[in-house]
Amino acid sequence: MSDTTPLVGIVMGSKSDWETMKNAANMLEELGIPCEAKALSAHRNPAHVHEWASTAEERGIKVIIAAAGMAAALPGVVAAITSLPVLGCPMETRVMGGMDSMLSMAQMPGGIPVGTLAVGKAGAKNAALLAAAILALSDDGIRERLKAFRKEQNETIAELD
Ligand code: RP5
């Protein structure tokens, strides 16, 4: 596998989720972590979801970030297909504000976990940081870059005091 082989796979239920999920992709890019991003829907393209998730590990993906809104089945479906860690990003929704998306991921029945983040942009950014922390367990370069990011962030907050 080359240095540019994606380590994180971002999958989202719709192109309309990209506005939020680009925050995850940008954070990964800032940390020098190659990722791939796809819009695939559990209810519109279930066969494609199966193909993507079942081949993720052999393509070199180590962590999956799965985003969806409303009755957000996608992260749970992906987690059912692969044993890679799946981080769920609930999308903000018009009727229930994203509570619907969040509960669809967080309330997975025992046996198939989806590590669910906050609704919206904060969750997308944190999914990238959590993916980085998982990868950092076995990658010194990512560990150093993540630590540098955290240090700079801490110093920025200190300057406001
Ligand atoms: C979900 O339905 C998607 O993840 C998206 O958040 C929501 C709305 O999708 P679109 O109708 O905008 O394609 O499947």
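Visitor: What makes the radius of gyration agree with a compact globule?
Guide: This is a predicted model. For 161 residues, a compact globule would have a radius of gyration near 15 Å. The chain has 15 Å, so the two agree. The C-alpha trace spans about 45 × 40 × 30 Å along its principal axes.

Visitor: How many helices and strands are there, and what pattern do they follow?
Guide: The chain has six helices and five strands. Along the sequence they run β-α-β-α-β-α-β-α-β-α-α. Take the contacts between residues at least 6 apart in sequence: 67% of them join residues at least 24 apart.

Visitor: Why is Met96 called exposed?
Guide: Exposed means over 50% relative accessible area. Met96 has 53%, so Met96 counts as exposed. Met96 is in the loop between strand E4 (86–90) and helix H4 (99–106).

Visitor: What makes Val95, Met96, Met99 and Leu103 a patch?
Guide: A patch needs residues with over 30% relative accessible area and no salt bridge, and nonpolar side chains are joined within 5 Å. These four form a nonpolar patch on the surface. Together they have about 430 Å² of accessible area. The chain as a whole exposes about 8,900 Å², with 55% supplied by carbon and sulfur atoms.

Visitor: What share of the chain counts as buried?
Guide: The cut-off is under 20% relative accessible area. Of the 161 residues, 42% count as buried. In helix H3 (residues 74–81), the buried residues are Leu74, Pro75, Gly76, Val78 and Ala79. Their cover includes strand E1 (8–12), helix H2 (46–55), strand E3 (63–68), E4 and H4.

Visitor: What makes a set of residues a nonpolar core, and which members touch the most others in the largest one?
Guide: The members must be buried nonpolar residues joined through side-chain atoms within 4.5 Å. The largest such core has 29 residues. Val8, Ile10, Met21, Leu31, Ile33 and Ile65 touch the most other members. E1, helix H1 (18–30), E3, E4, helix H5 (121–136) and helix H6 (140–159) each give two or more residues to this core. H5 supplies the largest share, eight residues.

Visitor: Which residues is Met21 in contact with, beyond its neighbours within four places in sequence?
Guide: They are Ile10, Met12, Ile65, Ala67, Cys89, Met91 and Ala124.

Definitions and conventions:
Residues numbered from 1 in each chain as written. Predicted model: local features only at pLDDT ≥ 70, side-chain atom pairs only at ≥ 80, totals over all residues. Heavy atoms only, no water. Patch = residues over 30% accessible without salt bridge, like charges linked within 9 Å, V, L, I, M, F, W, Y side chains within 5 Å. Areas by Shrake-Rupley, 256 points an atom, 1.4 Å probe, with all protein chains shown as cover. Salt bridge = Lys/Arg side-chain N within 4 Å of Asp/Glu carboxyl O. Helix = DSSP H or I, 4+ residues; strand = E, 2+ residues; numbered from the N terminus. Buried < 20%, exposed > 50% of the residue type's maximum accessible area, 1.4 Å probe, protein only. Contact = heavy atoms within 4.5 Å. Rg over C-alpha atoms; globule rule 2.2 N^0.38 Å.
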